[in-house]
Amino acid sequence: MVEKYSAVKRIPSFDVDMSSTLKPASFLNYAQEAANIHADYLGVGYDSMHVTRKAWVLSKIHVVFHKLPKWREHVNMQSWHKGANGYQYFRDFVMFDAEGKEKLVSATTSWLVIDIDTRRLSKYSELAEDEGRCIKEDVIAEAPQKVIMPKDVEAVNVMSHQVNYSDLDMVGHVNNVKYTEWAMNVIELEVTKNRQLKDLIVNFNSEVKEGDVVELFRYCEAVGDDLVYYIEGRVNGKNSFTARLVF
């Protein structure tokens with residue numbers, strides 16, 4: 001029977017914010033590494049895919065932050081592949097406290113396979129058709145939803161960011177975690193200092209590469225006691241990503 005990825009990790013100082021709390025982007029880094037390791041275990045990791053000139057790309061994420069851990073605390077990170085639908089492959093993540101009793105973060109993700117040379121979508125039937133490598137367990141049952149900037153609102157162009165060395169990953173495009181970092185950076189510091197991020201959805205819509213200039217737009221609305229932010233990144237007027245963050 002296929003096993004879940006499971007690892008205990010101590011929260012280091014470089015992964016926390018000014019309140020000594022785990023940064024949302026740091027959780028996403030942990031999730032990315034868990035996915036890489038577990039994909040190797042399933043036989044569909046980077047090296048295996050590269051032989052056939054295929055690569056995994058993240059399409060959408062939905063993360064629910066129940067309670068963020070603090071610096072020096074130990075957490076248990078788990079992940080598993082839970083099946084496919086057409087071109088989409090689904091993977092869930094959950095972070096517990098060290099004892100495995102309290103759920104701290106829940107996440108579900110949707111992945112695509114692309115041809116490295118043509119950048120076109122490709123099916124990876126070996127995984128899609130192998131139920132033995134799936135664990136049919138939902139930490140979040142619904143697939144990550146499509147997010148768009150609300151119509152007829154005046155989104156503010158907050159800043160421009162030119163893609164540089166620290167944004168790029170080993171396949172030469174912007175690493176998926178960077179989009180969440182950018183989104184957090186364009187939200188008012190007063191909000192990120194005094195409110196916990198409760199819910200995050202990111203749609204990755206088009207590839208961003210070295211030298212691109214990303215224009216970041218922000219819109220916020222109050223929904224009950226929550227603040228709901230929509231962040232959109234555009235390169236030459238084309239949408240590259242959209243994020244919805246609830247504080």
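Author: Helix H1 supplies four residues to the lining of the largest cavity, the largest share of any element. This is a predicted model, and what follows is computed from it.

The count comes to one cavity of 30 Å³ or more, and the volume of the largest cavity is about 80 Å³. Helix H1 (24-42), strand E2 (54-65) and strand E5 (103-115) are the elements that each give two or more residues to its lining. The residues around the space are Phe-27, Leu-28, Ala-31, Gln-32, Leu-58, Ile-61, Val-63, Phe-93, Ala-107, Thr-109, Trp-111 and Asn-176. Sorted by class, nine of the lining residues are nonpolar and three are polar, while none is charged.

Rolling a probe the size of a water molecule over the atoms is what shows where empty space is left.

Two of the lining residues, Phe-27 and Val-63, are also among the residues with the most contacts inside the largest nonpolar core. That core has 65 residues, and Met-95, Leu-200, Ile-231 and Leu-245 are likewise among those with the most contacts in it. H1 is again the main contributor, giving nine residues to this core. In soluble globular proteins, nonpolar side chains tend to be buried together.

Leaving out residues up to four places away in sequence, Leu-245 touches Ala-183, Met-184, Ile-187, Leu-197, Asp-199, Leu-200, Leu-227, Val-228, Tyr-229 and Ile-231. Two of these partners, Leu-200 and Ile-231, are named with Leu-245 among the core residues with the most contacts.

Ser-59 counts as buried because its relative accessibility is 9%, and the cut-off for buried is under 20%. Beyond four places in sequence, Ser-59 touches Ser-110, Trp-111 and Leu-112, and also Val-202, Asn-203 and Phe-204. Trp-111, one of these partners, is itself part of the cavity lining.

Further out, Glu-215 sits in strand E9 (residues 213-223). At 25% relative accessibility, Glu-215 counts as partly exposed. Its contacts, leaving aside neighbours within four places in sequence, are Asn-157, Met-159, Ser-160, Glu-232, Gly-233 and Arg-234. With Ser-160 there is a polar contact between the two side chains, at 2.6 Å. Glu-215 and His-161 lie 54 residues apart in sequence, yet their C-alpha atoms are 6.5 Å apart in space.

Two loop residues complete the picture. Most residues other than glycine have a negative phi. Arg-119, which is not a glycine, has a positive phi of about 65°. Arg-119 lies in the loop between E5 and strand E6 (121-122), and E5 is one of the elements that line the cavity. With a relative accessible area of 35%, Arg-119 is partly exposed. Asn-236 is not a glycine either, and has a positive phi of about 55°. The loop that holds Asn-236 runs between strand E10 (226-235) and strand E11 (238-246). Asn-236 is exposed, because its relative accessible area is 79% and the cut-off for exposed is over 50%.

Notes: Residues are numbered from 1 along each chain as its sequence is written. This is a predicted model: local features need pLDDT of at least 70, side-chain atom pairs count only at pLDDT 80 or more; totals for chains, interfaces and linings use all residues. Side-chain values use heavy atoms; hydrogens and water are left out. On a 1 Å grid over the protein atoms alone, a cavity is a set of points where a 1.4 Å probe fits but cannot get out, and a pocket is an open set with protein on both sides within 12 Å along at least five of seven lines; lining residues have an atom within 4 Å of a point. Grid points are joined across faces, edges and corners, and a volume is the space filled by probe spheres set on the points. Ala, Val, Leu, Ile, Met, Phe, Trp, Tyr, Cys and Pro count as nonpolar, Asp, Glu, Lys and Arg as charged, and the others, Gly among them, as polar. Buried means under 20% relative accessible area, exposed over 50%, partly exposed in between (1.4 Å probe, protein chains only). Contact means heavy atoms within 4.5 Å. A polar contact is a pair of N or O atoms within 3.5 Å; within protein, one must be able to donate a hydrogen and the other to accept it, and residues adjacent in sequence count only if both atoms are side-chain atoms. A nonpolar core is a set of buried Ala, Val, Leu, Ile, Met, Phe, Trp, Tyr and Cys residues joined through side-chain atoms within 4.5 Å.
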